[in-house]
Amino acid sequence: MSEGDPARPVVVVAHRGPVSFVDVDGDREMRRGAGGLVTALRGLRGYLEDGVWVCAALSDADRAAVADSGDKPFEVDGGYRVRMVALDPDEHHRFYAIIANPILWFIQHYLWDLSNAPDITGNEIEAFEHGYVPINRAIGEAAAEEVERAGGRALVMIHDYHFYLVGPEIRRRCPDALVHHFIHIPWPQPDAWRVLPGWMRRRLIEGLLACDIVAFHTERFARNFVLTCRELLDLRVDMDSLTVDVGDRTVAARWYPISIDAADLEEQASGQEVDLEERRIENGRREFLILRVDRTDLSKNILRGFKAFDQLLDDHPELSGRVSFLALLQPSRQDVDEYVEYVERIRRLVADINLKHGNPEWQPISLQMGDALPRAMAAYRQYDVLVVNSVFDGMNLVAKEGVLLNRRNGVLVLSEHTGVHEELGAFALTVHPFDIQALADAMYAAIAMPQDERRTRLNACAAVVRGNDLAKWLRVQLDDLAVVEAGRAELNRSEVRSP
Ligand code: ADQ
């Protein structure tokens, strides 16, 4: 494999596929998949000509497509293949709704309220043994088949917290494969994992250690991972090179900040629908527009964002009627109780603040629930302040999208616990996500900031995003894999030479 050019066929493994199927009036139609990860991985298309994307069949129409294809990969637009795997629905429910979301998601974002939850009961143990484990095995077997079909030497790129046990399946069946696992969410400090019984956390971490590279968005997450291996598995690690020794193998932890496809986003934003949405926002806006765009995930810290806005209006009565807060929120995981309750709490808080500060002519917060990408892109152009105040988060692509499209010298107010803070923090107003007063003050500072300074900061952010785009994210990983491969060749040669 030469640098940046994966001569090995690529096998991508991710829970969601690049396409999904829907039934329309009895006909099955293929649609582009949704979500940040799928958008990011679409950048792999150019490398997938020889390869395949392995994913779960999530809908009835997906499962029907799998049945028709006889479990074989099928071609999709863009000249690559997709292998959907039909999974047992009960196992998948346990895997997804009990282990992956919420248990792993909550641990990795530090979301558990430990005096109350989680309870690890027979239900959770069963969900692990008869949900997470068999689903990982089924996906791992399908991926291993694809590696074997490609001659056994494929580059396997596994994605996210759904599939920590896929690596061992590949390693067992295809020892010559090069295995890479990218984790899109934070990796917390070692003690966070002590929420899980020892045998369970050991199994998950050992699963990841079957890979050659375990990758994250930030250096902090990579460091936490290596520390976790030392503290919880008692393995020998090197904190300078961020490597872990596992028997006669060395596993590297690396960090590659994910990005957006700048050209693609700008093209999407140039459509008429976005212009129309922008005119609507422009006609309805006040002097200052504060914006947030998020899934209604607990990690996004939406309630404290509104509480800070409430504080801003208390502290600065002169802003009454001159500022509004537009919140474009996409309901998320409404099959998880905590998420249903979160949406309720958001609605109640917004109603309280609007009642307290608003009047018949002016409602300070406009809460708009739904999937509204054209409106989000229009709002990115129009904001004066973009609030991204996550409690702890992987990257927060919203910050990158916003600074790229904004046309009003808008200021980014950014939590120090977002992955994107490593890249854009120097040009944003940094906030501590729990400090509501500091967030209110930052909103005010952003509004009051002179235009020149705002412009300088925005241009600097946009330059970082353009320079560190999705293509670079991928290229750097492929370069590192080439280095790992070269090291392995070295190892193989010395093994051949030894008696
Ligand atoms: P997410 O948690 O979904 O992604 P983020 O990175 O901010 O978080 O991406 C959200 C995406 O959803 C953005 O592309 C945004 O435009 C879109 N979106 C949000 N609200 C929307 C709305 N109301 N309507 C339409 N679109 C909306 C996970 C991890 C992150 C990590 C990414 C990529 O949790 O930490 O950055 O994967 O690795």
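**Entry 1: the ligand**

I began with Asp 393 and the ligand: an N or O atom in the side chain of Asp 393 is 3.0 Å from an oxygen atom of the ligand. I note here that the model is predicted. For Asp 294, a backbone N or O atom lies 3.5 Å from a nitrogen atom of the ligand. For Leu 328, a backbone N or O atom lies 3.4 Å from a nitrogen atom of the ligand.

Which residues come nearest to the ligand? I found 23 residues around the ligand, and His 184, Arg 295, Met 395, Leu 397 and Glu 401 come nearest of these.

**Entry 2: α12 and α13**

Helix α12 covers residues 373-382 and helix α13 covers residues 397-405. Their axes come within 7 Å and cross at roughly 60°. The crossing in which α12 passes α13 is right-handed.

I then listed the residues that make this contact. By class, I recorded four nonpolar residues, one polar residue and two charged residues in the contact of α12 with α13.

**Entry 3: α8 and α13**

I looked up a further partner of α13, helix α8, which spans residues 262-269. α8 and α13 pack at an angle of about 60°, and their axes are 11 Å apart. α8 passes α13 in a right-handed crossing. On the α8 side I noted Ala 262, Leu 265, Glu 266 and Ala 269; on the α13 side they meet Glu 401, Leu 404 and Leu 405. The contact of α8 with α13 has five nonpolar and two charged residues, and no polar ones.

**Entry 4: α3 and α4**

How do α3 and α4 lie relative to each other, parallel or perpendicular? Helix α3 runs over residues 89-108 and helix α4 over residues 122-149. Their axes come within 8 Å and cross at roughly 110°. Angles of 65 to 115 degrees count as roughly perpendicular, and α3 and α4 are therefore roughly perpendicular to each other. I recorded their crossing as left-handed.

The residues of the contact of α3 with α4 divide into 10 nonpolar, five polar and four charged.

**Entry 5: backbone geometry**

Most residues other than glycine have a negative phi, and most peptide bonds are trans. I looked up exceptions to both.

The peptide bond from Asn 101 to Pro 102 is cis, with omega near 20°. Pro 102 lies in helix α3. The peptide bond from Ala 117 to Pro 118 is also cis, and here omega is near 5°. Pro 118 lies in the loop between α3 and α4.

What is the phi of Asp 160 near? Phi of Asp 160 is near 80°, a positive value in a residue other than glycine. I located Asp 160 in the loop between β7 (155-159) and α5 (166-173).

Definitions and conventions. Residues numbered from 1 in each chain as written. Predicted model: local features only at pLDDT ≥ 70, side-chain atom pairs only at ≥ 80, totals over all residues. Heavy atoms only, no water. Axes fitted to C-alpha atoms, helices over the stretch in contact; angles between N-to-C directions. Helix = DSSP H or I, 4+ residues; strand = E, 2+ residues; numbered from the N terminus. Left-handed = near helix turned anticlockwise from the far one by under 90°. Nonpolar A, V, L, I, M, F, W, Y, C, P; charged D, E, K, R; others polar. Near = heavy atom within 4 Å. Polar contact = N/O pair within 3.5 Å; in protein donor to acceptor, adjacent residues only side chain to side chain. Parallel < 35°, antiparallel > 145°, perpendicular 65-115°, else oblique. Contact = heavy atoms within 4.5 Å.
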